[in-house]
Amino acid sequence: MSLLPELRYPTLTELVRSARALAAHRPGLCTLRQVGASRAGRPLHLLSIGHARSAVLVVAGAHSNEPTGGPTLLAVAERVLLERELRRDVSWHFLLCADPDGASLHVTPAPRSLLDYHRGFFRPAAEEQPEWAPATLPADRLPPETRALTRVIDELRPYLQVTLHGTDLGGSWVQLTKDVPGLAEPFAKSAAQLHIPVETGASDAAGWPASGPGVHVMPAPGAGAAYPSMPDDARSSTWYHVHRYGGLTAVVEVPMWASDLVDDPAPHPDPARAMRRLAARLLRDTLEVERVLADALPRLDGVDGPLLRASQWALELVPGLAADWMRTPPADNTMAYVGSVDAFGRRLPLRAAAMLLRVLRETDDRGAQRLEHLVATWSNAFAERFRARWVPLEHQVEHQSRTVVAAALHARDRPM
């Protein structure tokens, strides 16, 4: 009988309860311990299975708006317990939630639509994200969640870190800090079996080489950035912390809603023109949110918090990003890439509007009505444009779990 809860997006309390049940089921093999605390004092828990020195670290909850990682982590842990071969000379370690404070603020555990998802949306500014804080802050200002994660990496020295991410709408892809030969085949096979599109031109990995469809490898130092204005550098993130021990990181992305528009390798007829058009729309939509914010700010005097900071941070990214799209040659000329950029350009102002709306609701501000309209209109247009179809949660979890296990097996055979 499975020790996992009913398959749905669990709360952090449910994640910890399930991990505790797994540990109690095999006390000689499993341990659950606290490895740190968040800025608000919430505990960070690590579930460990096995005692071998060769280790895999799986991290969930680095982005609070990407909830599939929690149930995936539990599913992989249960599989490791059931399949002795996965524990042969390897220990497995699972950080249940890297950002418990963020998880407490993203409040859409069972969204029925993109509008539902955005009504409770939260994703912190980069300096408040555990994995990305080192790319934006000096070492003496890193948040405790980041320090806890790097301490775990220093202790375990894993040959592989897998961090579980997701996208609201699109396809599945993998980002690797070093290549893992052989991973592309099982990844593609799993996606095809579960009817999940592979995001072959993911804007998050724009310009990166690919070892197979949807499997992107971080380019060598010195390679030009596809979006020069973007402030973060993956080489400064916690993804690269494992490199000091000869390891690598795999970032496994899976969609909540799927769209076949991000899985089309056909050449786009005019990608440069399309990028300019998407940049213009990005600026126009962002201006709508900025007008509401500018009107509301005098009435928000003294109001501060992660929602407002995150909304302002998202808005601040837009001018540079739009300039990149207008001035820099497209990193890819496929329909899939232009589709991925289209989705990215819709997300930024929509997310900024959604988080600002939550602030204005809490203060009963008159600007909330305008943002209600924008969030509803943009959410529905996003879903309609990309012909969004819900990916059953069991398929999200199964695909992400299979990819985690395949990465662990192939990376183990990879020369260090």
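1. In this predicted model, helix α2 provides the largest share of the lining of the second largest pocket, namely three residues. Both α1 (12–25) and α2 (69–82) supply at least two residues each to that lining, where helices are DSSP runs of H or I with at least four residues, numbered from the N terminus.

2. The second largest pocket holds about 370 Å³ of space and has 21 lining residues, with Pro10, Thr11, Leu12, Pro67 and Ala103 nearest its centre. On a 1 Å grid over the protein atoms alone, a pocket is an open set of points with protein on both sides within 12 Å along at least five of seven lines, a cavity is a set where a 1.4 Å probe fits but cannot get out, and lining residues have an atom within 4 Å of a point. Grid points are joined across faces, edges and corners, and a volume is the space filled by probe spheres set on the points.

3. By class, the lining of this pocket comprises twelve nonpolar, eight polar and one charged residues.

4. Two cavities of 30 Å³ or more are found in the structure. The second largest cavity, with about 40 Å³ of space, is lined by Leu86, Val90, Trp92, Tyr159, Ala408, Leu409 and Arg412. Helix α11 (residues 393–412) gives the most to this lining, with three residues.

5. Six nonpolar, no polar and one charged residues make up the lining of the second largest cavity.

6. Residues are numbered from 1 along each chain as its sequence is written. Local features need pLDDT of at least 70, side-chain atom pairs count only at pLDDT 80 or more, and totals for chains, interfaces and linings use all residues, while side-chain values use heavy atoms, leaving out hydrogens and water.

Key. Nonpolar A, V, L, I, M, F, W, Y, C, P; charged D, E, K, R; others polar.
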